[in-house]
Structure formats: structure tokens, C-alpha cells
Amino acid sequence: MSSAWNASDVTPDGAAWLASAGTYPRSTLALWEERPDAPVVLPCGSVFDVVSAPAMFGRRMLDRLWDDGPGSGPVAQFRGRMLLFAAPGTAQRLPALLEWEEWGGRDSREATRTDAVPPLLCHGTGDAVTVPAPSKSASLSVPTPSECVSFTVPAPSKSTPPATPPPAGDTVPARSASRWLVAPDTRQPWLPGPEVLLWAAVRAARSAVRISIFPPADQDAKVYDVSRRR
């Protein structure tokens, strides 16, 4: 049955899923129980990867995913960028797919399908992202130890030292202006893989060339139906 989703709310199950990415899930949930308005920094690569796009282009990708595609996983906005939560491994695979798309069109005089795709920042193993605070109205319960998933950061590569994730539960000042557009609502949300996000990026790039003299409708009023999400 179709249902509207208030994208600002994180359910207790969704909060438990987010917290499971950190080293100390119980501590993160306890923090949110006490301070539901506190963003935190969590590592990528185990529970989720994150693809960060400029706000306007990320909005186009999100619209393509919901209007023509399978929907999206959780999506957040942070400091002028769109954070699309993706399946682990996406951060490593997506750049290669974008390069392949670009190379595949070089024999044509026409612009390649990725020419209008801005640089996408792919955060995976060894990286960390700011996770927006849950809704102030959410009642978050701390799970039992059996429900928690620990996270271990792998050994750094000698060639490219990864970023060091701050301890789970590190808070971010309110001025970070982070918020959920599509909030996590289950303990196992569907996450798009690299092929799905490549598809969305290519179609968002095509739509970017269509410029209207009329301002868009209030984007904050966009509501996505999560019942379509696989």
C-alpha cells in the first residue's frame, strides 16, 4: 500500500541501522536518546557507502531515481551537498563506471553522456560522513548487544592513506545544516548499487541541459513514497 513519507523523521529501526556502522552503536543511540538534535560522524564501507553530489545535481539524480527508477536508499543534505547512501562497494566501483562511460563516447563528435556530470565524491572504506540528527520526536531505544554490529577500520593503504574516522558519537555543530530528505526507516534499508547510481547520474546530466526561465517549485515540499523502494 502506498504511503507518504515525511523525510525529516528517522524511525528507531532506522537509527539502529545507522548506529550499527559505528564502533559503539549503543553509545550512538544513547547520545541520540539524550540529544536527538545531534548530528554524528560515522564510518563508511561496512554498512553503507555514500556518494556526495552538488545539491542541485544530486536533486536531479534523486528525482530520476524516484520518477523513473527503483527509488533510493536514505538521502541526506549537508553543507550544500546531497549524500546518497549506497551499497557497500559503490565508492570503489562507481568512479570506474563513470570513466568507462566517458571513454566509450570519445569516438563520437557529440558530447559524451558524462560530460555534464559534476565530480561525485565517493566515500567508502576508510572514510567517514556526517549523519544528520534524527527527528526530535523520535523515541530511540538502545538495542540489545546481539542487535549491535561492530565496525573495524581496515589497515591503511601505503599508497593512499585513508581518512581517519572520528570516534562514533562525535557531534557536529548545528551550523552544519544537515537534514534528511529520505530518512532510514528499517534495520535493513534497500541501498542502490553503482549501476543504479550511474544510471541516475547520466539521466540527471541529460536533464541538466534543459534550462527553464521559470523557477522550480518548492523543492522542500517534495515527498517520496518509500513503499516503492526495493
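**Close-up views of the predicted model**

View 1. The model is predicted: local features need pLDDT of at least 70, side-chain atom pairs count only at pLDDT 80 or more, and totals for chains, interfaces and linings use all residues. Residues are numbered from 1 along each chain as its sequence is written, and side-chain values use heavy atoms, with hydrogens and water left out. Asp-67 forms a salt bridge with Arg-64 at 3.6 Å, N to O (a side-chain nitrogen of Lys or Arg within 4 Å of a carboxyl oxygen of Asp or Glu). These two residues are three apart in helix α3, and so about one helical turn separates them (helices are DSSP runs of H or I with at least four residues, strands runs of E with at least two, numbered from the N terminus). Arg-64 is buried at 19% and also bridges to Asp-68, with the closest N and O atoms 3.1 Å apart. Asp-68 is exposed, at 51%. A network of salt bridges links Arg-64, Asp-67 and Asp-68.

**View 2. The salt bridge between Asp-13 and Arg-187.** The closest N and O atoms of this pair are 3.2 Å apart. Asp-13 belongs to helix α1 (residues 12-19) and Arg-187 to the loop between β7 and α5, so the bridge ties together parts 174 residues apart in sequence. Asp-13 is partly exposed at 34%, as is Arg-187 at 35%.

**View 3. The open five-stranded sheet.** The strand order is β5-β2-β4-β3-β7, with antiparallel pairing (two strands pair if DSSP finds at least two bridges between them). Strands β2 (residues 49-54) and β4 (residues 81-86) are joined by six bridges, and Asp-49 stands opposite Ala-86 in β4.

**View 4. The largest nonpolar core.** This core holds 25 residues, of which Phe-57, Met-61, Leu-120 and Leu-197 touch the most other members (a core is a set of buried Ala, Val, Leu, Ile, Met, Phe, Trp, Tyr and Cys residues joined through side-chain atoms within 4.5 Å). Elements giving two or more residues include β2, α3 and α4 (90-104). Helix α5 gives the most, with seven residues. Apart from this core lies another, of 24 residues, among them Leu-42, Phe-85, Val-129 and Leu-191.

Key
Buried < 20%, exposed > 50% of the residue type's maximum accessible area, 1.4 Å probe, protein only.
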